[in-house]
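Morning, everyone. Let me put the model on the screen and walk through a few residues, then the pockets.

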Amino acid sequence: LWIESRVTLIDDAAGTSVDYYQCASCKSEDTFAEQNLFYTDNYDFCPIYGDGQWLIFRRKNRVTPDYRRIQKLEEVWGIPDLKLAYAKNVRPLSTWEEIRDVTATTTPMVAQTELSDPQTGLRAIIECPVKTMNISHEKRMYQIDTGPVAFADVSRRFANPIESLSLAFIAFNTPDFADFVIEQPTPVIEDGVERCRTLHYSTPISRAARNILLAHD
């Protein structure tokens with residue numbers, strides 16, 4: 001399973017931290033069947049692993065009760081064998097000129113976004129590769145738009161911390177805030193009437209954040 005993002009959930013009050021790894025999406029399949037490999041009632045499948053658990057998202061073309069499911073490792077595929085590659089030469093991009101110049105090359109970039117809530121004492125660091133970068137020479141601005149990533153709700157404490165995670169897309173163009181659209185049940189409106197509900201990235205939110213862009217050569 002390819003890793004799309006990592007979120008580190010930090011509890012400053014307890015002095016603890018946990019890493020969660022969001023894996024790449026695939027489609028529901030009848031694995032190793034002789035034919036008809038995709039299920040007819042198909043869905044997007046995306047898991048997040050951490051703290052001895054899987055948070056599994058199954059997104060169908062409608063809202064279903066099994067959209068989110070938390071399962072222990074032994075209930076699914078056993079103990080994961082994490083094969084993490086660490087970059088040797090990493091440098092922060094602190095100016096617009098640096099971001100512009102790296103964008104014009106084939107150098108990979110990684111975004112780190114830190115969210116915090118002093119009332120709960122929780123922090124989350126979201127780390128992901130930058131898949132889409134916009135550059136405006138006239139405005140001397142950049143803007144990333146990347147996802148899905150594992151988004152952590154640090155505004156309240158959950159009995160099981162993995163419950164705080166959702167799938168989201170992230171965008172930012174300054175060091176001090178980030179915007180998100182989170183996958184959630186969303187009404188489909190036609191002619192002012194709600195026709196149905198589906199799972200969609202919707203209802204943008206903005207959060208104070210500390211954003212860092214890193215290049216690894």
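Asn160 counts as buried, at 18% relative accessibility. Buried means under 20% relative accessible area, exposed over 50%, and partly exposed in between, with a 1.4 Å probe and protein chains only. This is a predicted model, so local features need pLDDT of at least 70, side-chain atom pairs count only at pLDDT 80 or more, and totals for chains, interfaces and linings use all residues. Residues are numbered from 1 along each chain as its sequence is written, and side-chain values use heavy atoms, leaving out hydrogens and water.

Where is Asn160 found? In the loop between β11 (141-152) and β12 (165-172). Strands are DSSP runs of E, at least two residues; helices are runs of H or I, at least four; both are numbered from the N terminus. Beyond its neighbours within four places in sequence, Asn160 is in contact (heavy atoms within 4.5 Å) with Gln53 and Ile70. With Gln53 there is a side-chain to side-chain polar contact at 2.6 Å. That term means a pair of N or O atoms within 3.5 Å; within protein, one must be able to donate a hydrogen and the other to accept it, and residues adjacent in sequence count only if both atoms are side-chain atoms.

Next, cysteines. Cys196 is partly exposed, at 39%.

Now the pockets. On a 1 Å grid over the protein atoms alone, a pocket is an open set of points where a 1.4 Å probe fits, with protein on both sides within 12 Å along at least five of seven lines; lining residues have an atom within 4 Å of a point. Volume is the space filled by probe spheres set on the points, which are joined across faces, edges and corners.

The largest pocket holds about 1,000 Å³. Its lining has 31 residues, with Ile3, Tyr21, Lys83, Leu84 and Ala85 nearest the centre. β1 gives the largest share, four residues.

The second largest pocket holds about 290 Å³. Here 19 residues form the lining, and Phe151, Asp153, Val154, Ser155 and Arg207 lie nearest the centre. Two or more lining residues come from each of β8, β11, β12 and β14 (193-208).
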